[in-house]
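Reader: I have a protein model open on my screen and I would like to learn how to read it. Could you take me through it step by step?

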Amino acid sequence: MKYTFAKRIQQLTGSPLRENAKKRQATSQVISFAYGYPSIEAFPMDTLQKISNRLYTQLDPESFLQYGATEGDPVLRRLIAKRLKTMSSIDTTTDPLIVSGSTQAIDLVIKTLCNEGDIVLCEAQTFSGAVNAIKSYGAVAQAVAFDFDSQSMDLVLLEEQLAQDEQHKIKLIYVIPTFQNPLGTSMPLEKRKALYDLACRYDVLILEDDPYGDLLYTGKAIPKIKSFDREGRVIYTGSFSKILAPSTRLGFIAAADPLMEKFGLVKQTADSHTNFYWQVMLAEFMQHYEFDAHVEQLKMLYKKQAMTMLRELATCPSELLTYITPTGGYFICCQLSEKVDPSRFYAYLETHGLAVIHGDIMSVSGVGYETYFRLNFTKPTIEEIVKGCAILTKALYQASRINQRIG
Ligand SMILES: Cc1ncc(COP(=O)(O)O)c(C=O)c1O
């Protein structure tokens, strides 16, 4: 049988992250700094067990086992709206739409707004899931170079691309302003405002993807772009994958009413609604079990892990490796200097059992970023962080073009 697949999926390649994850599961010897997974210590097992018992013994099964509203559990939606208001000064006229992770949020936004051939501007190094979602609808992910000095998409280049778009093909600017994936950077407030002003001037929407936003370890939180959105131009998405558990598949979208209405319609055809068991679990957690105190605990855990990784990286010779110090989130992005041979470096990591994410995987173009790699510090234990960084340091020396004998 010869199968003919839709044109829109022809550019899709399976997520290299998911493919690698399958392989890695078979080889337990590997220390993984690769995937954006939470620590297993981060799962609030006792609380979840108590809430789950309460659901089965005290709640009406209709509330969590029956079909429900596409928009999600009204109680949870209200709680998220309140949390957005108090923690991020984000006002919503319609309570957020509950979706199956930020992954579905991005998918629904692209499906709702982009025709084939439309363009979505993205930071040149970005979340591969978003790039795949864009491609899956025949839209084009177009890179805007990143300005590392200002920790922002290069806004001069962004404006050039917007100004050249005479046919109005650019529909959206997709950004991860806070604790970017893979870069770990946070866009300063003046850049966020300038980006917003450009979007207004050139009449495009912004998709602000913020799954890591709660996880600030040092300094002050920077206002979300959505918090100063006067025109309903910013679609804001959040997730509970990184602060509760990824398997809950709980995320949300906050946007202007006309957009929310369409996202709801499009979601109906995707999955009717997001899993109500987990929606009610989370609503109960937020109402009765101090969810924010749980997030504070996570921040302490992850800050310690981030500090350990940074301390270990600080011992690497700076003429071979540089890295961006994040103020929150899940990742540290490193760059090999021209004195290191990338293929020898990655080959050493592979044979000595340290998994990292190669820069090409987390880029729009898929090539040209081999000197960059992403490290995750939330999943490995402190002991693994120390061991893994020792392997990384050795790999640097082994792959060094300047002095083969060091190390
Ligand atoms: C920037 C970014 N957006 C979205 C997602 C998807 O998250 P979720 O588990 O909520 O689907 C991820 C996951 O790693 C991410 O890093």
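This is a predicted model: local features need pLDDT of at least 70, side-chain atom pairs count only at pLDDT 80 or more; totals for chains, interfaces and linings use all residues.

Reader: Let's start with the overall layout. Into which domains is the protein divided?

Author: There are two entries to find: domain 1 covers 7-43 + 293-398, and domain 2 covers 64-289. Taken over C-alpha atoms, the centres of domain 1 and domain 2 are 24 Å apart. To see how they meet, look at the contacts: 32 residues of domain 1 touch 41 residues of domain 2.

Reader: How many bridges join the strands, and which residues sit across from each other?

Author: Let's walk across. Strand β11 (residues 321-323) is joined to β12 by three bridges, and tyrosine 323 has cysteine 334 in β12 as its bridge partner. Five bridges then link β12 to strand β15 (residues 372-376), where isoleucine 332 stands opposite leucine 375 in β15. Lastly, β14 and β15 pair over two bridges, with histidine 358 partnered by phenylalanine 373 in β15.

Reader: Is strand β12 buried or exposed?

Author: Count its residues: five of the six in β12 (residues 331-336) are buried, so the strand is largely enclosed by the rest of the structure.

Reader: Now for empty space. How do I read a pocket?

Author: The general idea is to roll a probe the size of a water molecule over the atoms, which shows where empty space is left. Here, take the second largest pocket, with a volume of about 590 Å³. It is lined by 33 residues, and the closest to its centre are Met87, Ser88, Gly213, Asp214 and Lys224.

Reader: Where does the lining of the second largest pocket come from?

Author: Both domain 1 and domain 2 give at least three residues each to the lining of that pocket. Looking at elements, α4 (74-88), β9 (234-239) and α11 (291-313) each supply at least two residues, and α4 has the largest share, with five. Sorted by class, the lining holds 15 nonpolar, nine polar and nine charged residues.

Reader: For comparison, is serine 150 buried or exposed?

Author: Serine 150 has 14% relative accessibility, and under 20% means buried, so serine 150 counts as buried. This serine 150 also lies in a loop, between β5 (146-147) and β6 (152-153). With residues up to four places away in sequence left out, serine 150 touches Pro188 and Lys191.

Definitions and conventions: Residues are numbered from 1 along each chain as its sequence is written. Side-chain values use heavy atoms; hydrogens and water are left out. On a 1 Å grid over the protein atoms alone, a cavity is a set of points where a 1.4 Å probe fits but cannot get out, and a pocket is an open set with protein on both sides within 12 Å along at least five of seven lines; lining residues have an atom within 4 Å of a point. Grid points are joined across faces, edges and corners, and a volume is the space filled by probe spheres set on the points. Helices (H or I, at least four residues) and strands (E, at least two) are DSSP runs, numbered from the N terminus. Ala, Val, Leu, Ile, Met, Phe, Trp, Tyr, Cys and Pro count as nonpolar, Asp, Glu, Lys and Arg as charged, and the others, Gly among them, as polar. Domain bounds come from an automatic or database domain assignment. Buried means under 20% relative accessible area, exposed over 50%, partly exposed in between (1.4 Å probe, protein chains only). Two strands pair if DSSP finds at least two bridges between them. Contact means heavy atoms within 4.5 Å.
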